Amino acid sequence: MIHLTRRLVRRWLDTLLHIDDTPERTSAAFALGVFFGFSPFLGFHTLLAVIFAFLLNLNRVAVILGVYSNLPWIIGPYYALVTMGGGKILGYKVPPGFKLQIASLFEHSAFEGEFWHRLITILKPLFWPYTVGSLLGAVLLSLIAYPLALAFVTSRRRIHDIMQHHHK
């Protein structure tokens, strides 16, 4: 499965070579996508990223690749970690019995209204830690993504140009 994911990621990243934008603009588009992909706007991240790509006239493919760099097996641990970080920054303390509340939540079916009512009640105090933590995490990851994407796009384009030159 990891081999398939690597191949898929490499193929997606290779599509970045088929655009006429500069490596800097392509990397900026990817970094913008990473920002939205890891932002607190989960559920709206794709729509917001595409809107910003249009507004800033950035490559939509690169933005979408950045958004979906937040893979399904990363989402849970990432948001838990940044919410804890946001809680530390804001001085948030986990309420007593929080683990018990979470455990008792799963005594109900997700198809019951009671499940969702309890979930909102349990998670409501985490709103600001989640928002602050995931915004800071998204900014940090997008700042890391830009130079990595720039190095990747630049080197792949250089290799592509060398290969094209040798075939002429």
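**Close-up 1. V63 and the residues around it.** V63 touches A29, F30, L32, G33, A49, V50 and A53, leaving aside residues up to four places away in sequence; a contact here is heavy atoms within 4.5 Å. This is a predicted model, where local features need pLDDT of at least 70 and side-chain atom pairs count only at pLDDT 80 or more, while totals for chains, interfaces and linings use all residues. Numbering starts from 1 along each chain as its sequence is written, and side-chain values use heavy atoms, with hydrogens and water left out.

**Close-up 2. The largest nonpolar core.** It has 21 residues, and F30, F36, V63 and Y78 have the most contacts inside it. Such a core is a set of buried Ala, Val, Leu, Ile, Met, Phe, Trp, Tyr and Cys residues joined through side-chain atoms within 4.5 Å; buried is under 20% relative accessible area, exposed over 50%, partly exposed in between (1.4 Å probe, protein chains only). Helices are DSSP runs (H or I, at least four residues), numbered from the N terminus.

**Close-up 3. α2 against α4.** T26, A29, F30, L32, G33, V34, F36 and G37 in α2 meet A62, V63, L65, G66 and V67 in α4.

**Close-up 4. Helix α6.** In α6 (residues 98-105), F98, S104 and L105 are buried. They pack against α7 (113-123). On the face turned away from the buried side sit the exposed residues K99 and L100.

How values were computed. Helices (H or I, at least four residues) and strands (E, at least two) are DSSP runs, numbered from the N terminus.
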